Amino acid sequence: QVQLVESGGGLVQAGGSLRLSCAASGRTLSSYAMGWFRQAPGKEREFVAGISRSGGNTGCTDSVKGRFTISRDNAQNTVQLQMDSLKPEDTAVYYCAAASLAFRTSTVVAESGQYAYWGQGTQVTVSS
């Protein structure tokens, strides 16, 4: 079992930046591929960015390319999402998630169904 807690959300103006952090307890995060997802009101949860167990590979959805960066610090048991040039359409609840143990160290996981553990979410609101 692993418990995930997100932090760093808030209200920001368009063009601004936020840095989300996800802290884990229960097991070391190096055992898991990690990801960030988001869910806006009335919409389905969507993949934002993912990072492999080793941290060597990352991936993200097209709408955030060049603006969001995912990283991890396995020694600190944390995962971060740096969000720059924020847009009003980025407004959502952001969730940190840990995938199952079955993936290779270099695999980035984008399917929400492959994630076994989820945080409670943190609200990000971008005003225009």
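Predicted model: local features only at pLDDT ≥ 70, side-chain atom pairs only at ≥ 80, totals over all residues.
Four strands make up an open sheet, running in the order β1-β3-β8-β7 with antiparallel pairing. β1 (3-7) and β7 (68-73) sit at the edges with a single partner strand each, so one side of each has no neighbour in the sheet. On average, neighbouring strands here are turned by 15° against each other, ignoring direction; the axes behind that angle are lines fitted to C-alpha atoms, and angles between N-to-C directions run from 0 to 180 degrees. Two strands count as paired if DSSP finds at least two bridges between them. Strands themselves are DSSP runs of E with at least two residues, helices are runs of H or I with at least four, and both are numbered from the N terminus.

Residues are numbered from 1 along each chain as its sequence is written, and side-chain values use heavy atoms, leaving out hydrogens and water.

Zooming out, the protein has zero helices and eleven strands. For its 128 residues, a compact globule would have a radius of gyration near 14 Å, and the protein's 13 Å agrees with that. (The radius is taken over C-alpha atoms, and the globule rule is 2.2 Å times the number of residues to the power 0.38.) The C-alpha trace spans about 40 × 30 × 25 Å along its principal axes. As for burial, 41% of the 128 residues count as buried, meaning under 20% relative accessible area, with exposed being over 50% and partly exposed in between (1.4 Å probe, protein chains only). Among contacts (heavy atoms within 4.5 Å) between residues at least 6 apart in sequence, 62% join residues at least 24 apart.

Now the cysteines. A disulfide here is a pair of cysteine sulfur atoms within 2.5 Å, and the count comes to one. C22 and C96 form it, with their sulfur atoms 2.1 Å apart. The link ties together distant parts of the chain, from C22 in strand β3 (residues 18-25) to C96 in strand β9 (residues 92-99), 74 residues apart. With -75° about the S-S bond, the link of C22 and C96 is left-handed. Both C22 and C96 are buried. C60 is in no disulfide, and the nearest cysteine sulfur, that of C96, is 16 Å away. C60 is partly exposed, at a relative accessible area of 24%.

Strand β9 also holds V93. The C-alpha atoms of V93 and Q123 are separated by 4.4 Å, although the two are 30 residues apart along the chain. T122 lies in strand β11 (residues 122-127) and counts as buried at 11% relative accessibility. A polar atom of the T122 side chain lies 3.3 Å from the backbone nitrogen of G9.

| Residue | Contacts (heavy atoms within 4.5 Å) |
|---|---|
| V93 | F37, R38, Q39, G121, T122 and Q123 |
| T122 | E6, S7, G8, G9, L20, A92, V93 and Y94 |

Definitions and conventions:
Polar contact = N/O pair within 3.5 Å; in protein donor to acceptor, adjacent residues only side chain to side chain. Lists of a residue's contacts leave out its neighbours within four places in sequence.
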